[in-house]
Structure formats: C-alpha cells, structure tokens
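I opened this entry to record what I looked up, one item at a time. The sequence and structure come first, and my notes follow.

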Amino acid sequence: MTRIAFVFTSAPHGSASGREGLDALLATSALTDDIGVFFVGDGVFQLLANQRPDAILARDYIATFKVLPLYDIDQCWLCAASLRERGLREDAEFVLPARCLEPDALRERLDEYSVVMTF
C-alpha cells in the first residue's frame, strides 16, 4: 500500500495552497488509510485556533482540519523548531491534536512515506 505524506509549508492566508492541500488530503483519504500530515515552516499556522479570516476577507477553512480524525487521519506532526521560530509554544491552542517533533525526528518520520505532496 502506498504511504502518502501531505506537508503544509505555507501560511493559511494570502494563498489558496493550504485550502487546496486540505481538499487533496480529504480526497486522498478515500483511496488509502496510510496518510501522514506534516506542518512545517509557516504551515504551523494552518492549525492555530481562533484565527479570524473574515477580518481580512479570507475564507475560513482552518476549522475543517478538525474533521481529519473522522476520515481516519490521525498521524499528524508539527515541527517544534518552526513553532519556536514563530513565537508559538507546543501547548498553544490548535484545531487538531498533532505531535511536535524536532526537525531530525520529523525528517525521519517523513522518510517513511513513499509519496510526499507539499502545499
């Protein structure tokens, strides 16, 4: 079975990349159960709770990440270094439970996947 990783690297607002990645992730979940989701760089902002996209006239899709467990997607990781670099803590309020890993451990985990899609 093909293992597919989705890597979110961009902030949620200012481009459609995150929303497109989430759409692809949900569609792919119908084809395989072996999906991992990684949030690195500005992608860690994808999971930050209490955002107000309406204030900048953006579409709110971030809350949709909450449904990933309903699609049996429970392998989610955040880059601990990316959080620190952006002034966020591991105990910040996120819309989805994700395990924080240091970059080396995150790369090792990502290497376990045969297909990597970056958004």
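**Notes on the sheet and its surroundings**

I began with the strands. I found five of them in an open sheet, ordered E4-E3-E2-E1-E5, with parallel pairing. I then looked up the edges: strand E4 (99–101) and strand E5 (115–118) each have a single partner strand, so one side of each is left without a neighbour in the sheet. From one strand to the next, the twist averages 25 degrees. I note here that the model is a predicted one.

Next I took the pair E1 and E5. Strand E1 covers residues 4–8, and four bridges join it to E5, the two running parallel.

I stayed with H1 and checked its length. The helix has twelve residues, and from its first C-alpha to its last it reaches 16 Å. That is close to the 16 Å expected at 1.5 Å a residue.

Which residues of H1 are buried? I listed Ser17, Gly18, Gly21, Leu22, Leu25, Leu26 and Thr28. They cover an arc of only 165 degrees around the axis, which puts them on the same side of H1. As for what this side meets, the buried residues of H1 pack against E1 and E2.

I moved on to Ser82, which I located in helix H2 (residues 80–85). Is Ser82 buried or exposed? Its relative accessibility is 6%, and buried means under 20%, so Ser82 counts as buried. I also looked up its contacts, leaving aside neighbours within four places in sequence: Ser82 is in contact with Val40, Gly41 and Val44.

My last item was Asp72. I placed Asp72 in the loop between E2 and strand E3 (76–79). What is the phi of Asp72? I noted a value near 60 degrees, which is positive in a residue other than glycine. For exposure I used the cut-off of over 50%; at 55% relative accessibility, Asp72 therefore counts as exposed.

Definitions and conventions
Residues numbered from 1 in each chain as written. Predicted model: local features only at pLDDT ≥ 70, side-chain atom pairs only at ≥ 80, totals over all residues. Heavy atoms only, no water. Buried < 20%, exposed > 50% of the residue type's maximum accessible area, 1.4 Å probe, protein only. Contact = heavy atoms within 4.5 Å. Pairing = 2+ DSSP bridges. Axes fitted to C-alpha atoms, helices over the stretch in contact; angles between N-to-C directions. Expected span 1.5 Å × (residues − 1). Arc of directions from axis to C-beta.
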